[in-house]
Amino acid sequence: MHTDLLLTTSIHLNSNSTTESALLPIDNTTICADQLIGDALVGLSGRIIWGTVQLILMILGNIGNILTLIVLNRRLMRKGGVNNLLQGLAISDIVAPTLACIPHIIYYYGPKNNPNLISFVNSFVMPLATGATFCSNWIVVMITSFRLMIVVKPLYSQVYCSSENERKALIVIFLVSILSIVPYYCYHSNGDALDVIKVISAGLSLLGPWVICLILWILLIRIVNREIGTKKSKEFILHSEVVAQRLKSKSRITRMVLIICFCNIICQLPVLVLTLFGLIDGNPCGHPKAFIFMCLLFLSNLLLIVNHSINFFIYSLTNSKFRYTLQIMCRHCCCFKDCCQKRTQTQRQLMISDDPRKLSRLNPPKADSNSYSYSRTLDSPRGILIVRTTNSSRNNRLNNLSARVAL
């Protein structure tokens, strides 16, 4: 929803802001949020934050999510807990910020004086970003709930938290997200209907998963402090090494899920506040309200991109198995490059060594027959046979002479 607000302010800036700023005097009581946002978009701060920083964060986040997908599909990570849900989260984290950054790319690097293109993006592309954000938020809720089931009821978790149920949960979330964005396409020309749809979408994709995620995070952190906290850490010594390693890995995965859930709660909070603020008053007037609205818009856009880009770093810092698999993958890539370089070097050496052989075959050296025959006695097998036959004939002659002398 805040991306729709950004696009509408961009259109308003291109059409009316220059004329209105020239005609109307600046007054703190009559200034509104769209005018401040328009001035910020044209200024250096807007170009730096929206035109440069967000695009860089989006590119880095997409690279990290692609690496996450590759690592999670490796053999060592396929049997990990909530692996399918983490893959679905990585895919939604690629789609959502990429589509959300399209208005910034069009505004700063595309045709500015093309309201048809901006309206097309606002009507048909941005609902897809809303659906991807819906998937991302509810997948985080499913990851936290699955982990809570694994910690609280480990026996039941083998039945209910299987990989098949993870796939079913992803399919249900994907289908519901499609159903949630269908009204945007049906009523894209009706402004009143779009306002109602935005309210319902804000409740389904932002408020609902945020409240559920907050409740699950509080429950999980209480259970972690009670079950896998400092009091239980000393009991790892009483178990065997295998059981102790399993308990430690269980606690690490749980802490990783807690960090993911906490980052989602913090990053979605300004977006939620901005959405509620926009539903109450879409264009607040007065300098304090307009300035607060503009700051919330800047902050929510940055935290939205950060929320979709930070998971790769969380996995790398909290999961040793993920780091180990990533290191092995990097080593294989380096070894593959070394093997390719060695192959090219050996092929070049063979080509260089084959050239004088070909020349020697085409131009053989001229020499006498006796010298030529004796010169190859040490190399060729034919020469070796000749030497052996001459030696055997000489030995037979010596034996015959010795026999005659004896007679």
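Tutor: One definition comes before the rest. A crossing is left-handed if the near helix is turned anticlockwise from the far one by less than a right angle, and right-handed if clockwise. Keep in mind that this is a predicted model.

The setting, briefly. The protein chain has 16 helices and zero strands. It has 407 residues, and 39% of them count as buried. Take the contacts between residues at least 6 apart in sequence: 79% of these join residues at least 24 apart.

Now the close look, at helix α5, residues 102–109. Two packed helices are described by the angle between their axes and the distance between the axes. We need both values for each partner.

Start with α3, which spans residues 44–72. Its axis and that of α5 come within 10 Å, crossing at roughly 125°. Angles of 65 to 115 degrees would be roughly perpendicular and those over 145 roughly antiparallel. The α3–α5 angle therefore makes α3 oblique to α5. The crossing of α3 past α5 is left-handed. Which residues make this contact? From α3 come G46, R47, W50, G51, T52, Q54 and L55. From α5 come H104, I105, Y108 and Y109. By class, the α3–α5 contact has five nonpolar, five polar and one charged residues.

The next partner is α4, residues 83–100. Helix α4 has 18 residues and reaches 26 Å from first C-alpha to last. That is close to the 26 Å expected at 1.5 Å a residue. Is α4 enclosed or open? Buried means under 20% relative accessible area. Of the 18 residues of α4, 14 are buried, so α4 is largely enclosed by the rest of the structure.

How do α4 and α5 meet? Their axes come within 4 Å and cross at roughly 30°. Angles under 35 degrees count as roughly parallel, so α4 is roughly parallel to α5. The contact pairs T98, L99 and A100 of α4 with I102, P103 and H104 of α5. The residues of the α4–α5 contact divide into four nonpolar, two polar and no charged.

To recap the two angles: α3 is oblique to α5, while α4 is roughly parallel to α5. H104 of α5 takes part in the contact with α3 and in the contact with α4.

Key:
Residues are numbered from 1 along each chain as its sequence is written. This is a predicted model: local features need pLDDT of at least 70, side-chain atom pairs count only at pLDDT 80 or more; totals for chains, interfaces and linings use all residues. Side-chain values use heavy atoms; hydrogens and water are left out. Axes are lines fitted to C-alpha atoms, for helices over the stretch in contact, and angles run from 0 to 180 degrees between N-to-C directions. Contact means heavy atoms within 4.5 Å. Ala, Val, Leu, Ile, Met, Phe, Trp, Tyr, Cys and Pro count as nonpolar, Asp, Glu, Lys and Arg as charged, and the others, Gly among them, as polar. The expected span of a helix is 1.5 Å times one less than its number of residues. Buried means under 20% relative accessible area, exposed over 50%, partly exposed in between (1.4 Å probe, protein chains only).
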